[in-house]
Amino acid sequence: MAKLALVKWPDPRLKEVSKPVKEITAETRSFIDDMVETMYAENGIGLSAVQVGRMERIVTMDLGSGSERYDTEEVGDLIVMINPEIKEFSEEEMTFKEGCLSFPGQFSDVVRPEKVTVEFLDYNGKKQILHANDLLSICIQHEIDHLNGIVFVDHISKLKRERLLKKLKKADL
Ligand SMILES: [Zn+2]
């Protein structure tokens, strides 16, 4: 396994749409292992393939991984999703202060549907359906957004976005 380099804003790949995985090979699984190692090393609760420079529809999540940063008591479990698709969104919404490994140190309140139903292939290529709520639902939506070239700051007001990106630029100097 190897830790991979993170793709960070303003890298243009973050705005691109990722392609479906056609076949889950040993190489795909080895790449996913590297994604998982990278997610844990960076204390992220989720990671999408584009964030390590591969434009394929793969995400990994473990809510326990960022438990300190996200102040959550949730017990973590590793979830790997290949070609995930959200089938249902709830009407109820929730607000969560989101962050992103591609926007280090920056957080902002984002409003999203509180529950989702998601279909995906797991690490072994088996079709799964998951009903998620609360932080897991938020994390799933955030990561699948990445596969569609959408980042969390696209969900906030222009004013807040500009302020956040300015702070990020300053922190980067
Ligand atoms: Zn992110």
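User: Is Cys 100 buried or exposed in this model?

Analyst: The model is predicted. Cys 100 has a relative accessibility of 3%. The cut-off for buried is under 20%, so Cys 100 counts as buried.

User: Which protein atoms are the donors of the zinc ion?

Analyst: The protein donors lie 2.1 to 2.2 Å from the zinc ion. Along the chain they follow the spacing C-x41-H-x3-H. The atoms are SG of Cys 100, NE2 of His 142 and NE2 of His 146.

User: How many residues apart in sequence are the parts that Cys 100 and His 146 tie together?

Analyst: Cys 100 belongs to the loop between S4 and S5, whereas His 146 belongs to helix H2. His 146 counts as buried because its relative accessibility is 1%. The parts tied together by this pair are separated in sequence by 46 residues.

User: How many aromatic pairs does a search of the whole structure find, and which residues do ring pairs link into a cluster?

Analyst: The search of the whole structure gives 2 aromatic pairs. In one of them, Trp 9 and Phe 103 are stacked, with 6.3 Å centre to centre and 25° between the planes. Ring pairs join three residues into a cluster: Trp 9, Phe 103 and Phe 152.

User: Where in the chain do Trp 9 and Phe 103 lie, and how many residues apart are they?

Analyst: Trp 9 is in the segment before helix H1 (26-41), and Phe 103 is in the loop between strand S4 (93-98) and strand S5 (108-113). Trp 9 counts as partly exposed because its relative accessibility is 26%, while Phe 103, at 0%, counts as buried. The pair links distant parts of the chain, and the separation is 94 residues.

User: What is the geometry of the pair formed by Phe 103 and Phe 152?

Analyst: Phe 152 lies in the loop between helix H2 (134-147) and helix H3 (158-172), so its pairing with Phe 103 ties together parts 49 residues apart in sequence. Both residues of this pair are buried. The ring centres of Phe 103 and Phe 152 are 5.4 Å apart and the planes stand at 85°. With a cut-off of over 60 degrees, the pair is therefore edge-to-face.

User: Which rings do Arg 29 and Arg 54 lie over?

Analyst: For Arg 29, the charged end is 5.9 Å from the centre of the ring it sits over, that of Tyr 123. Arg 54 is at 4.3 Å from the centre of a ring and over its face; that ring belongs to Phe 31.

User: Val 7 and Val 52 are 45 residues apart in sequence; what is their distance in space, C-alpha to C-alpha?

Analyst: Val 7 lies in the segment before H1 and counts as buried because its relative accessibility is 4%. Beyond its neighbours within four places in sequence, its contacts include Val 50, Val 52 and Ser 102. Between Val 7 and Val 52 the C-alpha to C-alpha distance is 5.5 Å.

User: What is the radius of gyration of the protein?

Analyst: The protein has 3 helices and 7 strands, in the order α-β-β-β-β-β-β-β-α-α. For 173 residues the globule rule gives 16 Å; the value for the protein is close to this, so it is as compact as a globular protein of that length. The radius of gyration is 15 Å.

User: What share of the contacts with a separation of 6 or more comes from residues 24 or more positions apart?

Analyst: Buried residues make up 47% of the 173 residues. Among contacts with a separation of 6 or more, residues 24 or more positions apart account for 65%.

Technical notes. Residues numbered from 1 in each chain as written. Predicted model: local features only at pLDDT ≥ 70, side-chain atom pairs only at ≥ 80, totals over all residues. Heavy atoms only, no water. Phe/Tyr/Trp six-rings, centres within 6.5 Å; stacked < 30°, edge-to-face > 60°. Helix = DSSP H or I, 4+ residues; strand = E, 2+ residues; numbered from the N terminus. Buried < 20%, exposed > 50% of the residue type's maximum accessible area, 1.4 Å probe, protein only. Lys NZ or Arg CZ within 6 Å of the ring centre and 35° of its normal. Donors = N, O, S within 2.8 Å, 3.2 Å for Na, K, Ca; no water. Rg over C-alpha atoms; globule rule 2.2 N^0.38 Å. Contact = heavy atoms within 4.5 Å.
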